[in-house]
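Please keep the sequence and the three-dimensional view at hand.

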Amino acid sequence: MRRQLLAALTLASALFSAACGTGNGKRQLLVAFSQANNAEPYRAMQNALMQKLWAQYPDVKLVISDAQQDNSKQVAQVETFIRQKPNLLIVAPNERAALTAVMGQAMEAGIPVICLERDILQPNYTTYVHSDNVAIGRLAGQFIVDYLTKKYGQPKGNIVAMRGLLGVEGEINRDKGASEIFQKYPQIRMVADPVADWIQAKAKDRMTEVLRAQPQIDVVYGHNDPMAVGAYLAARELNREKEMIFVGVDGLGGPAGGIKKVTDGILAATFVYPLCVDKAVEIGNRILHDPAFHPDKDYTLDSLMVTPANARQMYDKFTVP
Amino acid sequence: MPARFQSFAALTGIVILAIAISPAAADGSRVFLQTGNLTDILRQISLIGMIALAMTFVILTGGIDLSVGSILALATSIAAMCLTRMAPGMSYPAHIALAIAAAVAAAGLTGVLNGAVIATLRIQPFIVTLATMIGVRGLAKWITQNENIDIGFGRDVAASFAALFREKAIVIGSYALAAALFALVLARTVFGRHVRAIGDNEKAAQYAGLPIRRTKIWVYTISGLLSGFAGVLYAAENHQGNPNAGVAYELDAIAAVVIGGTPLSGGRGSIAGTIIGSLIMGVLTNMLRLKNVDSNLEMMIKAVIIVLAVAVQRERESA
């Protein structure tokens with residue numbers, strides 16, 4: 001028994017030395033990044049860019065934890081980071097309420113905290129780097145109105161919205177921004193707005209039902225690109241993809257991202273939801289290296305419209321190798 | 001040597017390893033051994049730890065309860081809805097007590113339902129609780145319209161509830177109390193003996209005239225109640241009622257029970273073993289996170305440890 005236990009321990013420690021290696025004696029700055037869910041492409045891209053940008057600074061060691069879309073797990077991971085006393089903590093919160101308190105604990109422990117992209121219930125951060133989803137919603141709404149006006153000579157037509165996870169800030173505000181625009185035109189009708197939880201496969205199923213019920217659809221507004229693509233796949237299956245255009249939000253680079261879908265002619269447009277990482281690293285780096293620097297409480301980043309006209313150029317800009 | 005001592009040896013080994021590889025704090029002490037970190041671990045294992053206590057009883061009877069994660073989600077939702085959407089005109093403590101009672105009662109009823117169907121219709125526990133897992137998840141999503149019910153940070157009743165019940169002392173204290181109670185019931189009461197006897201040999205228990213049906217209903221009810229209470233703590237900890245909470249918690253709870261030396265076939269096992277099982281998982285997670293081991297690798301390492309922990313115990317039994 002004892003021998004087996006010994007063997008087990010030896011194996012475990014062997015796994016370790018293979019896994020993490022031991023720290024070298026040199027004094028390094030530790031940047032801890034708590035990511036909500038690596039499985040979402042947007043967030044995977046954030047991680048990749050984070051790694052690429054921090055690699056420019058040899059005195060900085062970046063560690064990333066993945067909460068796998070689980071609030072409790074992310075709270076635990078942030079708690080563990082606090083014990084390690086990092087020089088900078090960056091948190092991309094899974095959900096607002098769940099992370100608020102623990103980020104407050106990090107602040108109390110004297111750790112500078114950057115809140116990335118999603119807000120929390122109280123300003124328990126040094127600075128908040130984010131984009132503006134209402135503005136993105138308005139941009140998308142205006143693009144759709146312009147398209148319909150061109151198509152019919154006046155602003156009218158039938159719109160389907162594919163909604164993300166209800167209650168999430170991005171979903172609420174992308175919907176709100178676009179609705180503000182649509183409301184100005186009584187002849188533009190929202191004929192269906194099913195919830196597909198940001199997921200392409202779900203969007204395809206929900207869109208199939210909508211297509212069965214609605215004989216005429218002009219525009220599908222996906223609150224993210226995967227859902228717009230899911231709706232497209234459903235329409236193509238019923239040979240109706242030429243009847244309507246598909247508009248998405250996120251505008252990620254890379255072969256799986258929304259910008260590629262624009263160059264492929266699947267999406268008519270997508271609106272870049274900034275990764276926020278470049279700004280976060282810029283601010284974070286100044287916090288680390290410049291003691292006189294005091295960041296603003298809030299940095300809002302602008303969106304960009306991607307259409308076939310500029311898609312190639314944008315693809316290069318937003319693709320992280 | 002009983003299984004629980006072997007799992008205790010495994011826990012000791014992992015703790016020693018955790019101390020050995022723990023990063024050092026600024027003052028040269030081991031981060032792993034800081035009181036704050038050790039209580040972090042206890043708090044983090046408390047919810048699933050509590051569910052695992054009741055799961056031990058269920059597994060001892062030869063059953064299984066897959067619905068615990070969904071019941072937890074239902075309880076978080078009911079507690080948060082009671083706190084944020086009801087204005088019963090009561091004092092804060094009474095309102096909070098009402099919310100907790102409602103959440104735990106709903107969870108307990110689900111447990112009664114599980115137990116009654118299993119005991120009277122004689123359908124396999126796996127199937128019954130699988131159905132409950134799906135159905136109750138649906139119920140939680142339905143009553144919340146699939147939205148999270150946020151609990152704010154103000155001075156209202158919901159915020160006071162969260163502030164109180166997310167206290168480490170309350171969470172860890174609840175777990176400790178439940179653990180002591182369950183250990184006592186299993187070791188010292190007639191009910192505890194019945195639970196074991198049914199899992200050991202149900203036919204024999206039946207011929208001996210033991211109240212099989214009643215015992216089974218109780219076991220699943222207790223499982224529901226504890227999952228419900230864990231849900232209440234979850235709502236406070238995460239400041240929200242979340243119909244999507246607790247996914248795969250049943251598997252973590254079952255893993256803790258099994259690592260603690262209770263075989264899935266039931267009949268033998270102990271609460272101490274289950275507590276050790278929960279601690280092993282908690283210490284392991286903490287140790288790997290402190291070393292910033294890649295989370296995918298973390299899963300693989302955990303898989304190896306689970307199999308090793310159980311294999312060491314099996315080996316001994318057959319010898």
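Domain bounds, as used here, come from an automatic or database domain assignment. For chain A that assignment gives domain 1 (27–125) and domain 2 (133–274 + 307–318). The model is a predicted one, in which local features need pLDDT of at least 70 and side-chain atom pairs count only at pLDDT 80 or more, while totals for chains, interfaces and linings use all residues. Residues are numbered from 1 along each chain as its sequence is written, and chains are lettered from A and ligands numbered from 1 in the order in which they are written.

The centres of domain 1 and domain 2 of chain A, taken over C-alpha atoms, are separated by 31 Å. Their contact takes 5 residues from domain 1 and 6 residues from domain 2 of chain A; two residues are in contact if their C-beta atoms, placed from the backbone, lie within 7 Å. On the side of domain 1 of chain A that touches domain 2, there are 3 nonpolar, no polar and 2 charged residues. In this division Ala, Val, Leu, Ile, Met, Phe, Trp, Tyr, Cys and Pro count as nonpolar, Asp, Glu, Lys and Arg as charged, and the others, Gly among them, as polar.

Chain A has 11 helices and 12 strands, where helices (H or I, at least four residues) and strands (E, at least two) are DSSP runs numbered from the N terminus. Its C-alpha trace spans about 75 × 55 × 35 Å along the principal axes. Of the 321 residues in chain A, 48% are buried. A residue is buried if 20 or more other C-beta atoms lie within 10 Å of its own, exposed if 12 or fewer, and partly exposed in between, with C-beta atoms placed from the backbone.

One open sheet of chain A has 6 strands in the order 2-1-3-4-5-11, with parallel pairing; two strands pair if DSSP finds at least two bridges between them. Strand 2 (60–66) and strand 11 (298–301) of chain A are the edge strands, each pairing on one side only. From one strand to the next the twist averages 15 degrees. Angles run from 0 to 180 degrees between N-to-C directions, and axes are lines fitted to C-alpha atoms, for helices over the stretch in contact. Strand 5 and strand 11 of chain A run parallel and are joined by 4 bridges, and Ser131(A) has Leu301(A) in strand 11 as its bridge partner. Helix 3 (residues 71–83) of chain A packs on this sheet and touches strand 1 (29–35), strand 2 and strand 3 (88–91). The direction of helix 3 makes about 175 degrees with that of strand 1 of chain A.

A further open sheet of chain A, with mixed pairing, has 6 strands in the order 7-6-8-9-10-12. Strand 7 (188–192) and strand 12 (305–306) of chain A stand at its edges, each with a single partner strand, so one side of each is left without a neighbour in the sheet. Strand 6 (residues 157–162) pairs with strand 7 of chain A in the parallel sense over 4 bridges, and Asn158(A) stands opposite Arg189(A) in strand 7.

Most residues other than glycine have a negative phi. Glu117(A), however, has a phi near 70 degrees; Glu117(A) is found in the loop between strand 4 (113–116) and strand 5 (127–131) of chain A, and is buried, with 24 other C-beta atoms within 10 Å. In chain B, His239(B) has a positive phi near 55 degrees and lies in the loop between helix 10 (212–238) and strand 2 (240–241). His239(B) counts as buried because 30 C-beta neighbours lie inside 10 Å.

Within chain B, the buried residues of helix 8 (residues 190–200) include His194(B), Val195(B) and Arg196(B). The buried residues of helix 8 of chain B pack against helix 2 (35–60), helix 7 (168–188), helix 9 (202–207) and helix 10.

Finally, the contact between the chains takes 40 residues from chain B and 32 residues from chain A.
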